[in-house]
Amino acid sequence: MAASDSPSAAPILDVVGVTKRFGTFTAVDAVNFGVRDGEFFTLVGPSGSGKTTLLRMLVGMEKPTSGEIRLRGKVINDLPPNQRPTCMVFQSLALFPHLSVGKNVEFPLEIRGQSSGERRTRAWELLKLLHLDPHRYYDKNIAQCSGGERQRVALARALAYDPEILFFDEPLSALDARLRKLLQKELKDIQRGTKKTFCYVTHSLEEAMVMSDRVAILRAGGIEQIGRPDEIYASPKNAFVAEFMGEVNLLPVTGGGDSTGAWDTGRKTLALALPAPLAAGVQKKLLIRPESLRFLRPGEVAGNRVPVRILNEFSLGSRIQYHVEVAPGHTLTVERLREERTTATEAELGWELADSQLLDA
Ligand SMILES: Nc1ncnc2c1ncn2[C@@H]1O[C@H](COP(=O)(O)OP(=O)(O)OP(=O)(O)O)[C@@H](O)[C@H]1O
Ligand SMILES: [Mg+2]
């Protein structure tokens, strides 16, 4: 096992050829993956890609049409949610609004028949773990808590169940950006601290990248790529995955039979040098990250050079982002350090072949 692999390579959850059909529509299509004990595993994909459907099957709220879900080697397809003491979904609005923060957290312990003293001790521990001072929050009404506080209470309650795996379906999507970032960090810290297996769903690859040991990217019910965030970032399998990573440039190129390609922008066709041979007539996408593009000085050598018009610039703090036009309707995104700021309106854009990748569309 590589040192960079997740805490343990032992699979706790195996998803084998799992399919879910609603009538003739296939929402989840023969999906395979394993979640390792103690890892933070995230399913990420656009709206409608099947994330919630998949999660509902994993927790027992929905039965697979075919395939197997195994927990520590045992098939659990037909086990209802309440007989899966190992699993628990954490959703933002599943708190009891009429109970106090403390009583919400203690609820799972009460079902288990713990004494009020034991429950209170554990609830205090969990509230502290989630940075909710028990002196202030234990008796507080849920209705008087902010969105972020409720998220923490919900997480404290999920932890009180002490499940083997915690499942999350977009728990932070309703929060503002600052709070979301803060809770992402806290979730990751809690997962590390408790060594619990987290299986998380989000449509934000950025969120997935921040927290996860491994990420699976879903598209129309199927998995496109599974890997560590750094692997996916460095080697996206195709243009869909690359596009999902945010601001990237994907140039449609047609192979010239050698390591050259043509980019037809409508008004003009640009001849580009490619990082690998591409058969004549074959179409692929050329991935170039914004930070790999630079404005060339007169006479500067580059693997490719393209004349552009600079349309606008935005400050990203220490960096500046430019939108440049190659031809009408064909723009590229460039990111440079503030020290390299240009005020020109026309420029030559360059990049090195090693900084580009040919991807399937
Ligand atoms: N009970 C159902 N009956 C019919 N179709 C369904 C049902 N549940 C989900 N679907 C369909 O399955 C597809 C996947 O839905 P799902 O809720 O899993 O997507 P998602 O990835 O969670 O999307 P979002 O990011 O919007 O939450 C969608 O096209 C949805 O309309
Ligand atoms: Mg969903």
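Predicted model: local features only at pLDDT ≥ 70, side-chain atom pairs only at ≥ 80, totals over all residues.
## Domains, ligand shell and a helix pair

The chain is divided into domain 1, which covers 38-63 + 79-243, and domain 2, which covers 248-359.

**Domain arrangement**

- Taken over C-alpha atoms, the centres of domain 1 and domain 2 are separated by 40 Å.
- The contact between the domains takes five residues from domain 1 and five residues from domain 2, and on the side of domain 1 that touches domain 2 the residues divide into three nonpolar, one polar and one charged.

**Shell around ligand 1**

- Ligand 1 is surrounded by Phe22, Phe25, Ala27, Gly45, Ser47, Gly48, Ser49, Gly50, Lys51, Thr52, Thr53 and His203.
- Strand 2 (25-36) and helix 1 (51-59) are the elements that give two or more residues to this shell, and helix 1 gives the most, with three residues.
- Sorted by class, the shell has three nonpolar, eight polar and one charged residues.

**Helix 2 and helix 5**

- The axes of helix 2 (residues 101-111) and helix 5 (residues 147-160) come within 7 Å and cross at roughly 20 degrees; because angles under 35 degrees count as roughly parallel, helix 2 and helix 5 are therefore roughly parallel to each other.
- Helix 2 passes helix 5 in a right-handed crossing.
- On the helix 2 side, Val101, Asn104, Val105, Phe107, Pro108 and Leu109 meet Val153, Ala156, Arg157 and Ala160 of helix 5, a contact with eight nonpolar, one polar and one charged residues.

Technical notes. Residues numbered from 1 in each chain as written. Chains lettered and ligands numbered in written order. Domains from an automatic or database assignment. Contact = placed C-beta atoms within 7 Å. Nonpolar A, V, L, I, M, F, W, Y, C, P; charged D, E, K, R; others polar. Near = placed C-beta within 6 Å. Helix = DSSP H or I, 4+ residues; strand = E, 2+ residues; numbered from the N terminus. Axes fitted to C-alpha atoms, helices over the stretch in contact; angles between N-to-C directions. Parallel < 35°, antiparallel > 145°, perpendicular 65-115°, else oblique. Left-handed = near helix turned anticlockwise from the far one by under 90°.
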